[in-house]
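Q: Hi! I have a chain open on my screen and I'd like to get to know it. Can we go through it together?
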Amino acid sequence: MEGYAVLSDKETVEGSSSVRKNRAFRPTVAALAVVALSGAVVAGVDSFDEQEIAQANVASVPAAELWRTPAVAPQADDPSTWTLPIRAYQVNGNEVNRTLLSAAQAKKAAACLDRFGVAAPFTAPRSWSEAAPTAHAGPKNGMDVRYGDHDLAKVSAYGYGWPDEAQAGAQSARSFAADAELSPEVELALYGPGGRTGKVAARTAAAPTVNGKAVPAAGCAGETDQALVGRTRTPGVLDTTEDAITKLERRSWDNMLTDPRTLAVFGKWSSCMKSKGFDYKDPWAANDDPRWVAGGGKSAEAIATAKADVTCRNSFGVSETMHKVETDWQQRLLKENPKVAAEAKGYTQRVMAQVDATLGR
């Protein structure tokens, strides 16, 4: 799978990782690398809770409306089609928005590099419709696994793990661009004198040039950031733009987990599991059972447990309850924090307007 742009190795999961790190839940015990939407990849165990794989069906939605519109019509039995109120207030925390921003970054950066007579070391989309990532063998997106496994067919085959091709696909993408060696000329044009690390490199020329043209201080990556998000981000430094709205998202998750409605449905699930011979206090305890680590969540015992888990989940609407409760909490927190909501929504609208203009109607 090809990525689009590698504007900074450290900036691929900004806006979403802090929430995922604070969850008690790990959506999978398999040691899978996850494909970051911009093509640069940060891989690792338990990384499904830090990066979300977008698989948005965007082809039929006008670009100007894409970021405002759910990628797929919500379906009651498919959590991958669900959304949450706070996602309308996020760029990096929203799969569709983040995918489109990455595509716009690639297109602008490639055009900038072309001015210097340098070929882009990544594939830039020719139009907004090319921003949709290819299908992936793992979760369809972050919502697909936000509340745990729900697909009986999947767990019957793979338990708490995922198909081997999900790992293979992620590893293949991981080697693209993020680990690629850039020529000094390309690195200078793309990142400026500091290079991709942001550290000042020794350059002989006071004003660095490529093919006779002066390079911007932060290179084409900086120029692209300035145009799309209104500032030049520092390589290696996390983007804090969405921190305030992300904190509300974290609070909604934490409040959902302790809400009486959630605890009640967890109790029903636990009783159901006991009737099938499995003793767990809640779905997370089953999913995170240390016994699954060695087999990647796909041992016979893990599969049997996961099948009972999903059967009990579906019998009592565990995922549906969690989604309803989290939605309620997000709506409440947005009303209680109007300044945070207004600033986040304004930023999202400004950025996505630039993205729309870059990718074309």
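Q: How many helices and strands does the chain have?
A: This is a predicted model, and its secondary structure comes to 14 helices and 2 strands.

Q: Okay, and how much of the chain is buried?
A: Of the 361 residues in the chain, 53% are buried.

Q: Which element has the lowest mean pLDDT, and which the highest?
A: The lowest belongs to helix α1 (residues 17-21), with a mean of 30, and the highest to helix α10 (residues 260-275), with 98.

Q: Where does pLDDT stay under 50?
A: One such stretch is residues 1-67, for which the model has 226 contacts beyond four places in sequence. Residues 171-179 are also below 50, and this stretch has 23 contacts beyond near neighbours in sequence. Where pLDDT is low, the predicted coordinates should not be read in detail.

Q: Got it. New topic: how do α9 and α13 cross?
A: The axes of helix α9 (residues 243-258) and helix α13 (residues 318-336) come within 9 Å and cross at roughly 135°. The two helices are therefore oblique to each other, and their crossing is right-handed.

Q: Which residues make that contact?
A: Among them are Leu-248, Trp-253 and Met-256 of α9, and Val-325, Trp-329 and Leu-333 of α13.

Q: And by class, what's in there?
A: The contact of α9 with α13 has 10 nonpolar, 3 polar and 3 charged residues. Glu-249 and Arg-251 of α9 are included in the contact, as is Glu-326 of α13.

Terms used. Residues are numbered from 1 along each chain as its sequence is written. This is a predicted model: local features need pLDDT of at least 70, side-chain atom pairs count only at pLDDT 80 or more; totals for chains, interfaces and linings use all residues. Side-chain values use heavy atoms; hydrogens and water are left out. pLDDT is the predictor's confidence in each residue, from 0 to 100. Helices (H or I, at least four residues) and strands (E, at least two) are DSSP runs, numbered from the N terminus. Contact means heavy atoms within 4.5 Å. Axes are lines fitted to C-alpha atoms, for helices over the stretch in contact, and angles run from 0 to 180 degrees between N-to-C directions. Angles under 35 degrees count as roughly parallel, over 145 as roughly antiparallel, 65 to 115 as roughly perpendicular and the rest as oblique. A crossing is left-handed if the near helix is turned anticlockwise from the far one by less than a right angle, and right-handed if clockwise. Ala, Val, Leu, Ile, Met, Phe, Trp, Tyr, Cys and Pro count as nonpolar, Asp, Glu, Lys and Arg as charged, and the others, Gly among them, as polar. Buried means under 20% relative accessible area, exposed over 50%, partly exposed in between (1.4 Å probe, protein chains only).
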